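Please look over the sequence and the structure below before reading on. The notes that follow are grouped by topic.

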Amino acid sequence: MNTETSHLTANAAALLGEAGKQRVRAIRSRRWLVYPRAKQVLDRLNFLVDHPRGTRMPSIAIYGDSGMGKTMIMKRFRDQHPPSFDALTGRLKTPVLAMEMTSRPGERRFYAELLTLLGAPQRPRADIAQMEQAALRIMEAIGVQVLVIDEVHNILAGTYREQRIVLNTLRFLSNRLQISLVGVNDAREAIGGDVQLARRFEQFTLSRWAANEQFEILVALMLRNTPLRHPSVLTAKSLRRILQITEGITANIFHMINSVAIEAIESGSERITDEAIEKWEPEFDAEAAFA
Ligand SMILES: Nc1ncnc2c1ncn2[C@@H]1O[C@H](COP(=O)(O)OP(=O)(O)O)[C@@H](O)[C@H]1O
Ligand SMILES: [Mg+2]
């Protein structure tokens, strides 16, 4: 057996001892991979956690098309700051609270979602002022520093008035609790409706992958993390083909590389070749990524 493993990360190399089936499973359950842009965004997010409280807390908006990896980054951020026990106060501290904007949110639905997340669901008839008070009280008690909201573009499903109300609510929470907000978003307009709020957001865009060094780094990282026995060397033509088929969407790129890698295990070739890339047919609908 070939025991040369310098083409792999230690984790991937450790898997080479496993049978094909286990390696296929490892590829299918592939987890977080830190490419440079994701690291950059994460570093900025981490900076929010250490920021001293003040009247105008810095906030971050992350934009990108569906499938670009926004939710993965925000979950990673949340997991890096899990709730911890504060021996000084005897309380659980939750520095990063992550929620999802409900579809067509209003003030009530927003608070209901937040309170459920905080483990304090309210009676259905509770009035908004009570819900607001409860949310403020709990968030203050558990020391929230950053409120992360995924799918912020759902705000846009509401009427103009509803949009204003939800944006006001976000601004109010940020001001009252002196917390940073992180908005994760498919649409740039979502927070634009509140100029004051939009102004304090630093914007990060996860652009679709293009034929450049960043993309080469991503593919190289993926290959180094893929437990195949032989090194895969892809030509510029294959890289272009990957971009073309996947339309530069992160989710599609992972899917394509994973699926070609699994083929390579099943066929016994144990490397990703230009021919395999050339003849690979997507079963995902490229158009669906835009929906
Ligand atoms: N850093 C990453 N490491 C591994 N897989 C990733 C990464 N980023 C994205 N993916 C893949 O892409 C899919 C879509 O990512 P997701 O974060 O849900 O996109 P978005 O929230 O931008 O729509 C994930 O389920 C995963 O398969
Ligand atoms: Mg998402």
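The side chain of Q145 reaches the backbone oxygen of V49 at 3.0 Å. This is a predicted model, in which local features need pLDDT of at least 70 and side-chain atom pairs count only at pLDDT 80 or more, while totals for chains, interfaces and linings use all residues. Residues are numbered from 1 along each chain as its sequence is written, chains are lettered from A and ligands numbered from 1 in the order in which they are written, and side-chain values use heavy atoms, with hydrogens and water left out.

- Q145 lies in the loop between helix 6 (128–141) and strand 5. Helices (H or I, at least four residues) and strands (E, at least two) are DSSP runs, numbered from the N terminus.
- Q145 counts as buried because its relative accessibility is 10%. Buried means under 20% relative accessible area, exposed means over 50%, and partly exposed is in between (1.4 Å probe, protein chains only).
- V49 is part of helix 3, and with 14% relative accessibility V49 is buried too.
- The C-alpha atoms of V49 and L170 are separated by 18 Å, and these two residues are 121 residues apart along the chain.

- Which residues come nearest to ligand 1? Of the 15 residues around ligand 1, they are L33, G67, K70, T71 and M72. A residue is near a molecule or strand if one of its heavy atoms lies within 4 Å of it.
- L33 has a backbone N or O atom 2.8 Å from a nitrogen atom of ligand 1.
- G67 places a backbone N or O atom 2.7 Å from an oxygen atom of ligand 1.
- T71 uses its side chain instead: a polar side-chain atom lies 2.7 Å from an oxygen atom of ligand 1.
- Ligand 1 taken alone exposes 570 Å², and the protein buries 77% of that. Accessible areas come from the Shrake-Rupley method with a 1.4 Å probe; for residues, only the protein chains shown count as cover.
- Helix 4 (70–80) and helix 11 (250–267) are the elements that give two or more residues to the shell around ligand 1.
- The shell around ligand 1 has seven nonpolar, five polar and three charged residues. Ala, Val, Leu, Ile, Met, Phe, Trp, Tyr, Cys and Pro count as nonpolar, Asp, Glu, Lys and Arg as charged, and the others, Gly among them, as polar.
- Why does ligand 1 lie between domain 1 and domain 2? Both domain 1 (10–29 + 225–289) and domain 2 (36–206) give residues to the shell, so ligand 1 lies between them. The domain bounds come from an automatic or database domain assignment.

**Aromatic pairs**

- Rings of Phe, Tyr and Trp (its six-membered ring) pair if their centres lie within 6.5 Å; planes under 30 degrees apart count as stacked, over 60 as edge-to-face and the rest as tilted. By this rule there are three aromatic pairs.
- Y35 and W209 form an edge-to-face pair, at 5.3 Å centre to centre and with 75° between the planes.
- Y35 lies in the loop between helix 2 (20–28) and helix 3 (36–49), and W209 in the loop between strand 7 (201–206) and helix 9 (213–224), so the pair ties together parts that are 174 residues apart in sequence.
- Y35 is buried at 4% relative accessibility, and W209 is buried at 11%.
- The rings of F110 and Y111 are also edge-to-face, because their centres are 5.7 Å apart and their planes are at 70°. F110 is buried, with a relative accessible area of 1%, and Y111 is buried at 0%.
- Ring pairs join Y35, W209 and F215 in a cluster.

**Loop residues**

- N154 sits in the loop between strand 5 (146–150) and helix 7 (160–177). N154 is buried at 18% relative accessibility, and its side chain reaches the backbone oxygen of M101 at 2.9 Å.
- E151 is found in the loop between strand 5 and helix 7. Phi of E151 is near 55°, a positive value in a residue other than glycine, and E151 is partly exposed at 25% relative accessibility.
- R104 is in the loop between strand 4 (96–100) and helix 5 (107–117). Phi of R104 is near 45°, a positive value in a residue other than glycine, and R104 is partly exposed, with a relative accessible area of 42%.

Definitions and conventions: A polar contact is a pair of N or O atoms within 3.5 Å; within protein, one must be able to donate a hydrogen and the other to accept it, and residues adjacent in sequence count only if both atoms are side-chain atoms.
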